[in-house]
Protein chains: 2
Amino acid sequence: MSSENLTTRDRILNAAWTLLESNPGVAARMSDIAKAAGVSRQALYLHFPNRTELFIAVTRHQDAVFGVQNMLAESRAAETGEARLQAFITAWGNYIPRIFGVAKTLLVMSETDTDAAKAWNERMADMREGCAAAVAALARDGALVMDEREATDLLWTVLSIPTWEHLTRLCGWPQELYMSEITRLARLGLCGRA
Amino acid sequence: MSSENLTTRDRILNAAWTLLESNPGVAARMSDIAKAAGVSRQALYLHFPNRTELFIAVTRHQDAVFGVQNMLAESRAAETGEARLQAFITAWGNYIPRIFGVAKTLLVMSETDTDAAKAWNERMADMREGCAAAVAALARDGALVMDEREATDLLWTVLSIPTWEHLTRLCGWPQELYMSEITRLARLGLCGRA
DNA sequence: TTCGCTTATTTACACAGTGTCAATTTACAC
DNA sequence: GTGTAAATTGACACTGTGTAAATAAGCGAA
């Protein structure tokens, strides 16, 4: 997080990012973000209308920095349905830990803040698209043992952020174990075999 | 929710229960609870030290009213591991919708409130006991295709409240579909066959 | 240099909601 | 009646968000 030669806006985004990541689910205070960015609290409001919009901007910033689109390109290129499922799980499953802190905060805020909910839902709808595409590819191959719509819902749920949090944070699973078990579970659930 | 002939404490608990259930995840305001209970806001502090403790008391109240213990008795009585798993999933899976509103609120508060987190974790630890017992019964029967500890974690996650919320609230699955698919997924994941 | 524009700072304040306190009332038991 | 517990009333401190106004600093253009 080099803070030289950055616009004030970017320094604010980086400060918020760091704070959210260091305390997932807890909405950092505007004054703390300002202090971390080396800026007055009021300056935050010069760049973002309110705290929620600032946090939403951080998620967009993350997506831009990480290049989500490239990330999912491999998944789209896969030949068979099974390969596509595998690629999608790999891409998304390894993306979660990078965005977890900010995402969790937005998820918690969604409960009480409609703007946060809207941004969160859009993000999750995008993710669901990826699930639907993988499921459709499986169906095309005749590998799907259940209804396509329900299969998408199931995959969407198995790959959800709360599921990742439960297994890695609560159960203490290392990321590799999460990946292998989630992959096994998804294959079993959708195709009836691992 | 008959409100006659009840102690003030119980009227407060019922009012909080109703409010939390009607808006899951949103911590009702003390003034709203007081109004709903037909009592002054300050009266709440005569019976509960603070809002968190009030909400925790509501969950205990729910457990008492519903009789969780009886609920799990059938599960404990089952002969085979498969029967035990089935009974546990049935009992817990059908318990979730009854407690969801309050539980969700406590879960959200857990993020920022250590007392709420403590109460929530204890509750979830109890639930995990049930998972562990079912898994142990499966292992005794030689029906388990994976490590016992990991199997417990997996079942615990599949049966978690966020998973229920995702499938029934976000995906719109009716409770019956949730029950059948979760049962299938658990059997597949733990035993390798449905 | 000076003007004008943009950006940021400082200080102040309104507002919501929790939790605390003290004084007072209500109601019931003895 | 008197005493005691439960509840009410009204006030206040505290935290944190968002708004507002006045001021300062930097910078390009005339």
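Visitor: By class, which residues does the surface near DNA strand D have?

Guide: Ala, Val, Leu, Ile, Met, Phe, Trp, Tyr, Cys and Pro count as nonpolar, Asp, Glu, Lys and Arg as charged, and the others, Gly among them, as polar. In this predicted model, the surface near DNA strand D has five nonpolar, six polar and two charged residues. Local features need pLDDT of at least 70 and side-chain atom pairs count only at pLDDT 80 or more, while totals for chains, interfaces and linings use all residues. Residues are numbered from 1 along each chain as its sequence is written, with chains lettered from A and ligands numbered from 1 in the order in which they are written.

Visitor: How many residues surround DNA strand D, and which are the closest?

Guide: A residue is near a strand if its C-beta atom, placed from the backbone, lies within 6 Å of it. Here 13 residues surround DNA strand D, the closest being Asn50(A), Arg51(A), Thr8(B), Ser40(B) and Ala43(B).

Visitor: Which elements give two or more residues to this surface?

Guide: Helices (H or I, at least four residues) and strands (E, at least two) are DSSP runs, numbered from the N terminus. Those giving two or more residues are α2 (30–37) and α3 (41–47) of chain A, together with α3 (41–47) of chain B. The most comes from α3(B), with three residues.

Visitor: How is chain A divided?

Guide: Domain bounds come from an automatic or database domain assignment. Chain A has domain 1 (8–61) and domain 2 (67–191), whose C-alpha centres lie 27 Å apart.
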